[in-house]
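The exercises below go through one structure step by step. Please look at the sequence and the model before reading the solutions.

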Amino acid sequence: MTARRDFVIANLLERYEQPEPHDWPCRDFSIHRLAENPYLLNCALDEPGRTTLRTTIWQSSGGSWKIAFHQGTIAG
């Protein structure tokens, strides 16, 4: 069953009304311009018991920044 867009948005807004109870450090940031608009951001996120490598492509659209792609890969 496919969730309706308004259902997903409402649940995400409810979930993030309160700050998440963690302080996971990010490190090793790098950013690269891919073309005129999109930028590639890479970093490492140290979570309890594991490190993940994060890759995100950001695009400017209508005066705000939006994620076009995101992937996290467990590294250790």
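**Exercise 1: the surroundings of T52**

T52 touches C43, A44, L45, E47, T73, I74 and A75, where residues up to four places away in sequence are not counted and contact means heavy atoms within 4.5 Å. The model is predicted, so that local features need pLDDT of at least 70 and side-chain atom pairs count only at pLDDT 80 or more, while totals for chains, interfaces and linings use all residues. Residues are numbered from 1 along each chain as its sequence is written, and side-chain values use heavy atoms, with hydrogens and water left out.

Task: determine whether T52 is buried or exposed, and where T52 is placed.

Solution: T52 is in strand β3 (residues 50-61), strands being DSSP runs (E, at least two residues) numbered from the N terminus. Its relative accessible area is 3%, and because buried means under 20%, exposed over 50% and partly exposed in between (1.4 Å probe, protein chains only), T52 is buried.

**Exercise 2: the aromatic pair**

Task: classify the pair formed by the rings of Y39 and W65.

Solution: Rings of Phe, Tyr and Trp (its six-membered ring) pair if their centres lie within 6.5 Å, with planes under 30 degrees apart counted as stacked, over 60 as edge-to-face and the rest as tilted. By this rule there is one aromatic pair. The ring centres of Y39 and W65 are 5.9 Å apart and their planes stand at 70 degrees, so the pair is edge-to-face. This pair links distant parts of the chain, with Y39 in strand β2 (residues 39-47) and W65 in strand β4 (residues 64-74), 26 residues apart.

Conventions
Helix = DSSP H or I, 4+ residues; strand = E, 2+ residues; numbered from the N terminus.
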